[in-house]
Each structure stands twice: as C-alpha cells, then as structure tokens.
Amino acid sequence: MAITELATLRLKEGKKWADILPYIRIAAREQTAISGFPLVFFDDVHSERTIYLLSGWTDVAAHESWIASETNQSLLHDLQPLLDVTRLLHLTIEPDTEK
C-alpha cells in the first residue's frame, strides 16, 4: 500500500526560505525521480519558520531506503546548518499521483 510522508521542518533562527531554496529544488527533483510521487513544500501561515514536506512512497521500506541513500544524506548534511527535521510521519493516506 502506498503511503504519504509528512515531515515538519523548522528553519533555524535567522534563516529564510531563500537560504534553503537551492536544496529544496534538488530534493524535489531527486526524491520525485526515486519515489515516483511529487514532493511539495508548504510554509505555515502561523509560524514563519515552520515548513511541511509532503510526498508519497510505494511503502515505508522504499522511503527508508531513500533516507539512507547517499543523495539524501548529502542533502541532509548540507541542510543541517539551516533547518531541523522536527517530525516525520508515515500516513496511510493514498498519495497524489500527479506530477
């Protein structure tokens, strides 16, 4: 069963969307190519430093494989000074299949 990934990200103090935008573009391209599902980011209107990542995966194992991948680990390393991953959920909601 396909699952939906929901991650809550928090920009570090003094950081802005513009600081992470190049990495978001890479993440969206690379993760979408692996998962087959679109990857989208949303900001929180109530908290200017909170960002939500939403995507789909064929299953949890596929997502865990991506998390461990060299590409993802490199992105996480580059983003470490800019933001924190505060929560990661796997939801049993059928993900969007439009690209």
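Predicted model: local features only at pLDDT ≥ 70, side-chain atom pairs only at ≥ 80, totals over all residues.
Leu11 is found in strand S1, which covers residues 3-11.

**Leu11 and its surroundings**

- Leu11 has a relative accessibility of 1%, and because a residue under 20% is classed as buried, Leu11 counts as buried.
- Although Leu11 and Arg49 are separated by 38 residues in sequence, their C-alpha atoms lie 4.9 Å apart in space.
- Leaving aside residues up to four places away in sequence, Leu11 touches Lys16, Trp17, Ile20, Glu48, Arg49, Ile51, Leu82 and Leu83.

**Strand S1 and its two partners**

- Of the 9 residues of S1, 7 are buried, so the strand is largely enclosed by the rest of the structure.
- Strand S3 (residues 47-57) runs antiparallel to S1 and is joined to S1 by 8 bridges; within this pairing, Thr4 stands opposite Gly56.
- Strand S4 (residues 83-91) also pairs with S1 in the antiparallel sense, over 8 bridges.
- Ala7 has a bridge partner in each of these strands, namely Leu53 in S3 and Leu88 in S4.

**The sheet as a whole**

- The sheet is an open one of 4 strands, arranged in the order S2-S3-S1-S4 with antiparallel pairing.
- S2 (40-44) and S4 stand at the edges of the sheet, where each has a single partner strand, so that one side of each is left without a neighbour in the sheet.
- From one strand to the next, the twist averages 20°.
- As a general point, the side chains of a regular strand alternate between the two faces of the sheet.

**The helices**

- Helix H2 (residues 60-68) lies across S1, S3 and S4, and runs at about 160° to S4.
- Helix H1 (residues 17-35) packs with helix H3 (residues 70-79) at an angle of about 165°, and the axes of these two helices are 11 Å apart.
- Because an angle over 145 degrees is classed as roughly antiparallel, H1 and H3 are therefore roughly antiparallel to each other, and their crossing is left-handed.
- On the H1 side the contact is made by Ile20, Tyr23, Ile26, Ala27 and Glu30, while on the H3 side it is made by Thr71, Leu75, Asp78 and Leu79.

Definitions and conventions: Residues numbered from 1 in each chain as written. Heavy atoms only, no water. Axes fitted to C-alpha atoms, helices over the stretch in contact; angles between N-to-C directions. Parallel < 35°, antiparallel > 145°, perpendicular 65-115°, else oblique. Left-handed = near helix turned anticlockwise from the far one by under 90°. Contact = heavy atoms within 4.5 Å. Buried < 20%, exposed > 50% of the residue type's maximum accessible area, 1.4 Å probe, protein only. Pairing = 2+ DSSP bridges.
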